[in-house]
Amino acid sequence: MTAPRPLAGVRVLDLGQVYQGPYAGFLLAQAGADVVKVEPPRGEPLRRREARGGPPSFPLAFLNTNKRSATCDLKEEEGRDLLRRLAGAADVLIENFAPGVMDRLGVGWQALRELNPRLIYASGTAYGLSGPDSERLGMDITVQAWAGVMSITGEAGGRPLKAGPAFIDFLGGTHLYGGIVSALYERTRTGAGRLVEVAMQEAAYPTLLSQLGLMHHDGKLPGRAGNRHGRVSPYSVYPCRDGHVAVICITERHWRNLLRAMGREDLISDPRFRNNEARVAHRDETEALVAEWTTGLTRSEVDEAARSHRVPCAPVRDLAEVNADPHLRERGFLEAVDHPGLGEIRLPASAVRFDGRPSGPLEPIPALGENTEEVIREWLGAVPDDEGSDG
């Protein structure tokens with residue numbers, strides 16, 4: 001018999017929108033919580049893009065598996081009253097509106113804690129609920145700019161670039177999940193809820209560690225270095241006959257093993273490459289040596305040689321290759337889900353595993369407001385009124 005998932009029985013109101021808040025709700029749902037996605041009658045921004053004639057929203061389907069859907073119009077007093085009643089029966093409420101929005105509606109932390117002292121109120125923002133920048137508007141790309149990420153991303157001498165994925169949104173959501181689970185654990189001892197907040201800028205700051213270390217060591221601002229590293233060589237992406245591979249040598253053993261993989265044991269005692277400091281001093285020669293080897297091979301040939309010699313290496317794969325990855329499928333991370341608007345799509349489970357098992361099976365996102373009445377009946381023991389039925 002399979003044990004229940006860790007958060008079974010935990011009730012969550014997920015008012016999150018776009019990526020940050022909904023991802024925290026996604027992780028809670030995958031851990032077994034009863035997560036109710038609460039949206040305005042027209043849906044959250046990802047859903048409204050679809051309503052305006054755009055394609056069905058894959059991100060909406062991705063982030064809201066294993067959740068129920070309810071609508072609630074917070075612009076109307078009936079909607080705010082419904083949210084207050086649901087919050088009174090909830091364990092967790094998630095929102096990532098701009099600071100002050102929920103307070104102005106009378107359904108912020110201070111108001112809801114009076115109704116439910118056990119409530120964990122989780123707020124995700126770009127820059128925090130306090131401080132001089134709290135009112136600054138922030139999305140993933142603008143937080144990347146403000147947080148310093150773009151200043152170190154791009155080719156040397158080129159313009160600043162954003163990272164390809166919206167990683168700051170998901171860092172924010174992941175930290176919010178961690179904060180919620182920590183507060184749930186604390187509540188088992190104290191019986192009291194609390195406010196949990198995460199600023200995306202602060203969640204992103206630790207990712208700058210290598211460059212912060214360089215700045216501390218060298219006393220100057222680190223610049224953009226493309227795929228290279230300021231204090232490690234080889235460390236880059238190298239061309240192959242059918243694409244590129246990433247190779248890195250952190251230890252001297254890695255380097256010696258790479259020379260053996262390349263058939264260049266004669267260079268093991270070469271003073272230009274005798275240790276990492278020497279290789280960094282002769283970076284162009286070091287990187288050219290590796291590139292000369294990879295250029296004549298396919299990605300799989302380089303990968304096989306590197307793996308057999310225990311050298312950190314990976315082909316640069318496109319998204320189609322990643323989606324077809326047999327490793328991810330065997331582990332149950334990627335699951336085929338039949339979505340009414342998108343057809344069969346591959347969706348991920350949570351990266352957090354309990355007892356080594358993936359969090360599936362995945363349940364596709366319900367229609368907007370599909371579960372409003374059932375949630376009101378289950379959580380409040382009440383017959384839904386018009387607000388509950390129509391949102």
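**Figure 1. Glu373 in helix α17.** Glu373 belongs to helix α17, which covers residues 372-380. Helices here are DSSP runs of H or I with at least four residues, strands are runs of E with at least two, and both are numbered from the N terminus. The model is predicted: local features need pLDDT of at least 70, side-chain atom pairs count only at pLDDT 80 or more, and totals for chains, interfaces and linings use all residues. Residues are numbered from 1 along each chain as its sequence is written, and side-chain values use heavy atoms, with hydrogens and water left out. Glu373 counts as partly exposed, at 35% relative accessibility. Buried means under 20% relative accessible area, exposed means over 50%, and partly exposed lies in between (1.4 Å probe, protein chains only).

**Figure 2. The six-stranded parallel sheet.** Six strands make an open sheet, ordered β3-β2-β1-β4-β5-β6, with parallel pairing. Two strands pair if DSSP finds at least two bridges between them. The edges are β3 and β6 (195-199); each has a single partner strand, so one side of each is left without a neighbour in the sheet. On average, neighbouring strands of this sheet are turned by 20° against each other, direction ignored. Axes are lines fitted to C-alpha atoms, for helices over the stretch in contact, and angles run from 0 to 180 degrees between N-to-C directions. Strand β1 (residues 11-14) pairs with strand β4 (residues 92-95) in the parallel sense, over three bridges. Asp14 stands opposite Ile94 of β4.

Figure 3. Strand β3 spans residues 67-71. Five of its five residues are buried, so β3 is largely enclosed by the rest of the structure. In a regular strand, side chains alternate between the two faces of the sheet. Both faces of β3 are covered. Lys67, Ser69 and Thr71 are buried on one side, Arg68 and Ala70 on the other. β3 pairs with strand β2 (residues 34-39) in the parallel sense, over five bridges. Lys37 stands opposite Ser69 of β3.

Figure 4. Asn66 sits in the loop between α3 (58-63) and β3. Its phi is near 60°, a positive value in a residue other than glycine. Asn66 is buried, with a relative accessible area of 10%.

**Figure 5. Ala33 in a loop.** Ala33 has its place in the loop between α1 (20-30) and β2. Ala33 is buried, at a relative accessible area of 6%. Setting aside neighbours within four places in sequence, Ala33 contacts Leu7, Ala8, Val10, Val12 and Leu28 (contact: heavy atoms within 4.5 Å). Ala33 and Arg317 are 34 Å apart, C-alpha to C-alpha, and 284 residues apart in sequence.

**Figure 6. The three-stranded antiparallel sheet.** Three strands form an open sheet in the order β7-β8-β9, with antiparallel pairing. β7 (235-240) and β9 (313-315) are the edges; each has a single partner strand, so one side of each lacks a neighbour in the sheet. Neighbouring strands of this sheet are turned by 20° against each other on average, direction ignored. Helix α14 (residues 299-308) packs on the sheet and touches β7, β8 and β9. The direction of α14 makes about 160° with that of β9. Strand β8 (residues 243-248) and β9 pair in the antiparallel sense over three bridges. Ala246 has Ala314 of β9 as its bridge partner.

Figure 7. A cis peptide bond joins Ser233 and Pro234, with omega about 0°. Pro234 is in the loop between α10 (209-218) and β7. Arg310 lies in the loop between α14 and β9. Arg310 is not a glycine, yet its phi is positive, about 60°. At 67% relative accessibility, Arg310 counts as exposed.

**Figure 8. The buried side of helix α11.** Helix α11 covers residues 252-262. Its buried residues are His254, Trp255, Asn257, Leu258, Leu259, Ala261 and Met262. They pack against β8, α12 (276-281), α13 (283-295) and α14. Just after α11, Gly263 takes a positive phi of about 75°.
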